[in-house]
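Me: I would like to learn to read salt bridges and sheets in a model. Please show me the structure and take me through it.

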Amino acid sequence: QETSLELERRFRHHELLTKVGMWSPKQREVLSSEAPYTILCGGNGAGKTTIGGYWIACHAYGFNPVSGRLFVREPGKPTLCWAIGNSAEKVRSVMLPSILRWIRPEDIERITNVPDSVIYLKGGNRIALKSQEQDNDKFQGDEVDAVWPDEEMKKRGIWDEIVVRTFRRFGKVLMTMTPWEGTLWMHHWLL
C-alpha cells in the first residue's frame with residue numbers, strides 16, 4: 001500500500017500538473033488562494049470546471065504545483081475531498097471527466113459507483129462525487145479536506161454541511177459557478 005507521502009512525491013512529477021504556465025495570472029490566483037472559501041464566477045465555456053477538476057485533484061494528491069505547497073492534513077488520516085454537482089448526471093458526464101483528466105490512471109486504486117461514486121487513490125486518499133439532488137443527511141458525518149461545488153448551491157442545508165465538514169480539518173472550498181439565478185440565498189450570503 002502506497003502512503004499519501006509517496007503518492008504526493010509522484011504527483012510532483014505528473015507532467016500535466018507541472019505545466020503551471022498553462023494557467024492565466026487570475027487562474028493562478030484562484031488556484032493559490034489561502035482563503036477557506038473561494039468563489040470563481042464566469043460565463044459558460046470560461047474554464048471553471050477545468051479549474052475545479054484540477055483544484056480537487058491537487059487536494060486529493062495533497063500538493064499544489066501552482067503554489068508549490070503541501071496542503072495541511074491531519075497526520076495519519078487520508079485526504080477526503082468532495083466534488084458536488086447540481087445533478088447526478090452532471091457529476092457523471094462533466095465533473096468526473098474533468099477530475100480524471102488530472103489524475104494518472106496508475107494512481108487510481110478503484111472507482112465505485114454505488115450508491116455514490118468515489119475515486120480511491122493509492123495511499124487511501126479519495127474524492128467522493130455527490131449531487132445536490134441528495135438529501136442533506138448524505139453530507140453529514142465526514143470530516144472533509146476540500147470541497148468543490150460546481151455551480152450555485154440551491155440548498156442552504158448542504159452548504160451548511162460543507163462549512164461544518166471542512167471546519168475541523170481546516171478544509172478549503174472552491175465554488176465554480178455561472179451566476180444564473182440571482183434570487184438564490186447564495187447571492188444574499190455573498191453580498
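**Salt bridges, then the sheet**

Reply: Start with a pair: Lys90 and Asp150 form a salt bridge, with the closest N and O atoms 3.0 Å apart. The model is predicted, so local features need pLDDT of at least 70 and side-chain atom pairs count only at pLDDT 80 or more, while totals for chains, interfaces and linings use all residues. Residues are numbered from 1 along each chain as its sequence is written, and side-chain values use heavy atoms, with hydrogens and water left out.

Me: What is a salt bridge here?

Reply: Side chains of opposite charge can pair when their charged atoms come close. The criterion is a side-chain nitrogen of Lys or Arg within 4 Å of a carboxyl oxygen of Asp or Glu. A search of the whole structure finds nine.

Me: Where do Lys90 and Asp150 lie?

Reply: Lys90 is in helix H4 and Asp150 is in the loop between E8 and H5, so the pair ties together parts 60 residues apart in sequence. Helices (H or I, at least four residues) and strands (E, at least two) are DSSP runs, numbered from the N terminus.

Me: Are Lys90 and Asp150 buried or exposed?

Reply: Both are buried. Buried means under 20% relative accessible area, exposed over 50%, and partly exposed in between (1.4 Å probe, protein chains only). Now contrast Lys26 and Glu29: each is exposed. Their salt bridge has its closest N and O atoms 3.7 Å apart. They are three residues apart in helix H2 (residues 25-31), so about one helical turn separates them.

Me: How do I read the sheet?

Reply: Strands of a sheet pair through backbone hydrogen bonds, either parallel or antiparallel. Two strands pair if DSSP finds at least two bridges between them. Here seven strands form an open sheet, in the order E1-E9-E8-E4-E7-E6-E5, with mixed pairing. Strand E1 (37-41) and strand E5 (108-112) are at the edges with a single partner strand each, so one side of each has no neighbour in the sheet.

Me: How many bridges join E4 to E8?

Reply: Four, between E4 (residues 80-85) and E8 (residues 146-149), and the two run parallel. One example: Trp82 has Val147 in E8 as its bridge partner.

Me: Which strands does helix H4 touch?

Reply: Helix H4 (residues 88-100) packs on the sheet and touches E4, E5, E6 (118-121), E7 (126-131) and E8. Contact means heavy atoms within 4.5 Å. The direction of H4 makes about 155° with that of E7. Axes are lines fitted to C-alpha atoms, for helices over the stretch in contact, and angles run from 0 to 180 degrees between N-to-C directions.
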